[in-house]
Amino acid sequence: MIERSMLIQSSSDQTLLARYLTMLLRFLRQLLGPYPFLRHLALEILDHSANIENESQLLSEIVEIKLFLEVQEMTLDETLTDASDFLSEKPELLWGIATSGRLNGRFGILIGDNIVRKLTRDPLGSIRDSWNFMDSDSPSSLERIAHAYLINTKSIPSELYERQSLTTRILIAFVLSKRNYYEPARDILESVLSQVENEYGRESWEYAIATAEYLKCCALTWDESVIGFDSLHALTRGIDNPSNDGSLFLKIALADVLLADSRYEAAIEVLNSLFSVGMHYSSTNVTVATRLSKAHRRLGEVFPSRKITEVLLRGLKDLPHVSKSLQLAFIEELQCNLSTVDIGDFPAYQKLHEAMARSKGMVHPESTFVSDQTESISAEELETAFNEIVSLTTILGAISKSAIRSAGGY
Amino acid sequence: MLIFYRSARLQLRWNEEGELAQYDINEHFIPPCVVNLFKGNDDVLRKNKDLHTMVTRGLLKTSLVGDITYIFVSEKLRASIRTSTSFRDPIVSLVQRFGLFNIMLEALPEEYSIIVWEEVQSQLHETIELNCIPILRVMNFEDISRYVELLDGEKRLGRNISLN
């Protein structure tokens with residue numbers, strides 16, 4: 001599974017403290033985005049690490065976290081319009097950047113990530129233009145991934161990903177897709193899918209995610225040759241094992257593609273097949289219910305029609321057991337349905353509507369670990385709004401019940 | 001389960017040159033019993049005798065929430081851990097607590113190091129938020145250096161503090 005060219009690196013030459021700090025700083029760096037208050041601990045560790053900086057691995061981790069903190073500061077500083085001024089005032093920031101393929105790559109990804117997040121204010125533009133490979137003849141893999149973040153043309157030079165490891169190629173494709181360069185992303189993924197299948201197996205997460213991304217790129221580039229329903233089925237055939245994560249994921253991705261292509265009947269067929277195999281996963285039930293309700297709604301069904309309430313009820317049952325982002329996506333779908341209801345029919349609706357209005361702006365159905373949730377609202381606000389929504393699920397249950405009664409029961 | 005498995009196996013990380021490389025597990029920092037159990041071992045709950053007995057006796061329960069297997073520790077087992085002599089010993093207890101925390105440090109994949117890094121990160125998100133963020137909020141450098149000193153001392157004495 002692991003590519004052979006990789007070397008095993010031993011860290012036994014480090015002291016115990018340096019090793020621990022290396023490990024802790026790496027962890028902290030990854031949490032600083034969503035939890036900016038951890039900055040204090042990071043700075044405290046940096047203060048104390050001054051006298052053990054002769055440890056190479058720790059040193060690179062230190063430079064990296066400093067880099068992160070500086071870039072974060074530049075992004076958050078609202079008075080800053082052009083970060084090149086900031087850099088001219090703090091030339092010490094630059095000393096670390098070009099010293100290794102890893103740091104240069106990491107710096108590129110850090111400043112490139114802001115493009116993907118589509119911030120309204122973008123002080124990093126001028127730095128971005130001056131970013132380059134350390135050694136343009138043989139850029140490192142991480143620099144290549146960074147380059148995919150920073151590239152400004154749809155015609156991606158094939159040198160960028162050719163002869164790279166499988167992981168690097170796929171990650172480059174993911175980044176290109178994030179940057180809305182679906183065509184080159186699709187082409188790269190198309191060329192690696194069979195290799196992923198060989199290396200990880202058809203039922204692996206890796207295969208499922210690469211295929212799902214490929215399907216998404218095809219749908220968004222309107223590649224009719226691939227998104228014919230039959231060829232889609234061919235891609236997902238043979239993975240009908242309902243207890244397998246990868247297969248579930250792939251089927252849901254397939255349904256998403258069909259939904260994006262406005263082929264609701266076909267999407268409903270796929271989604272119903274997931275429901276009917278006797279699913280025991282709460283998260284799948286909620287995911288499927290959300291999409292099914294959407295498909296029915298787009299086909300002109302109006303809540304509280306029997307089909308929609310039935311589907312929503314299934315999702316509602318598992319709602320307390322799934323992740324926050326999934327709950328929010330489901331609630332959003334519910335909101336879409338409820339918005340068509342005449343308030344007079346359901347007394348509880350008014351109450352729900354108020355709470356929804358309060359929590360407005362917090363529904364990020366696609367949020368992930370490194371989401372931009374914390375940008376628009378604080379963690380505490382999210383918590384409060386979310387708790388309100390969770391307590392409302394009881395009311396939602398009541399609404400659905402009365403909805404079923406008015407729909408004539410079943 | 002995902003957390004334990006990931007913490008006890010070789011990890012891929014970006015090296016100085018900006019290429020992917022395998023790294024040894026930081027065996028010093030992960031409780032040895034976790035490393036021994038999960039290193040190269042699949043389906044540990046059924047194959048390991050002790051753990052299997054605990055499951056059949058109802059001391060451990062597994063549950064599938066979403067797509068992740070969770071292990072629940074029964075109140076009885078928790079109480080017995082709390083009253084055990086090693087848990088009351090402040091030195092052993094500090095090392096143990098850090099050991100548990102470190103499992104998360106190792107389980108979180110480095111960005112862009114594996115194809116599914118974003119998926120694994122989002123699966124670990126809630127666990128990190130519930131278990132690690134509160135610890136990180138109150139941790140300071142003194143705690144860290146005390147822990148490492150204790151650990152270093154124990155290693156030199158040849159004693160291995162395990163989590164039993």
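The model is predicted.

Start with chain A. By that definition, chain A holds 19 helices and one strand. Chain A has 410 residues, and 40% of them count as buried. Now take the contacts in chain A between residues at least 6 apart in sequence. Of these, 66% join residues at least 24 apart.

Chain B has 164 residues, of which 23% count as buried. Its secondary structure comes to nine helices and four strands. From the N terminus on, the order of elements is α-β-β-α-α-α-β-β-α-α-α-α-α. For contacts in chain B with a separation of 6 or more, residues 24 or more positions apart account for 56%.

Next comes the core. In soluble globular proteins, nonpolar side chains tend to be buried together. The largest nonpolar core of this model has 117 residues. Those with the most contacts inside this core are A:Leu28, A:Ile145, A:Ile172 and A:Leu271. Domain 1 (63-68 + 95-115 + 142-151) and domain 2 (281-410) of chain A each give the core at least three residues.

Is H8(A) enclosed or open? Of its 13 residues, 11 are buried, so H8(A) is largely enclosed by the rest of the structure. Among the buried residues are A:Thr168, A:Arg169, A:Ile172 and A:Phe174. Their cover includes helices H7 (141-150), H9 (182-200) and H10 (205-220) of chain A, together with E2 of chain B. After H8(A) comes A:Asn180, with a positive phi near 70 degrees.

A:Arg263 sits elsewhere in chain A, in the loop between helix H12 (245-260) and helix H13 (264-276). A:Arg263 is partly exposed, because 18 other C-beta atoms lie within 10 Å, and a residue needs 20 or more to be buried. From C-alpha to C-alpha, A:Arg263 and A:Ala42 are 50 Å apart in space. In sequence they are 221 residues apart.

Back to chain B and its E2. Strand E1 (residues 11-14) of chain B pairs with E2(B) in the antiparallel sense, over four bridges. B:Gln11 stands opposite B:Tyr23 of E2(B). Five residues lie between the strands of this hairpin, and B:Gly18 takes a positive phi near 85 degrees there.

Helix H4 of chain B covers residues 49-56. How many of its eight residues are buried? The number is zero, so H4(B) lies largely in the open. Just after H4(B), B:Gly58 has a positive phi of about 85 degrees.

Finally, see how the chains meet. In all, 42 residues of chain B are in contact with 50 residues of chain A. On the chain B side, strand E2 (20-23), strand E3 (60-65), helix H8 (117-138) and helix H9 (141-156) each supply at least two residues. H8(B) gives the largest share, eight residues. By class, the side of chain B that touches chain A has 20 nonpolar, 11 polar and 11 charged residues.

Note on methods. Residues are numbered from 1 along each chain as its sequence is written. Chains are lettered from A and ligands numbered from 1 in the order in which they are written. This is a predicted model: local features need pLDDT of at least 70, side-chain atom pairs count only at pLDDT 80 or more; totals for chains, interfaces and linings use all residues. Two residues are in contact if their C-beta atoms, placed from the backbone, lie within 7 Å. Ala, Val, Leu, Ile, Met, Phe, Trp, Tyr, Cys and Pro count as nonpolar, Asp, Glu, Lys and Arg as charged, and the others, Gly among them, as polar. A nonpolar core is a set of buried Ala, Val, Leu, Ile, Met, Phe, Trp, Tyr and Cys residues joined through C-beta atoms within 7 Å. A residue is buried if 20 or more other C-beta atoms lie within 10 Å of its own, exposed if 12 or fewer, and partly exposed in between; C-beta atoms are placed from the backbone. Domain bounds come from an automatic or database domain assignment. Two strands pair if DSSP finds at least two bridges between them.
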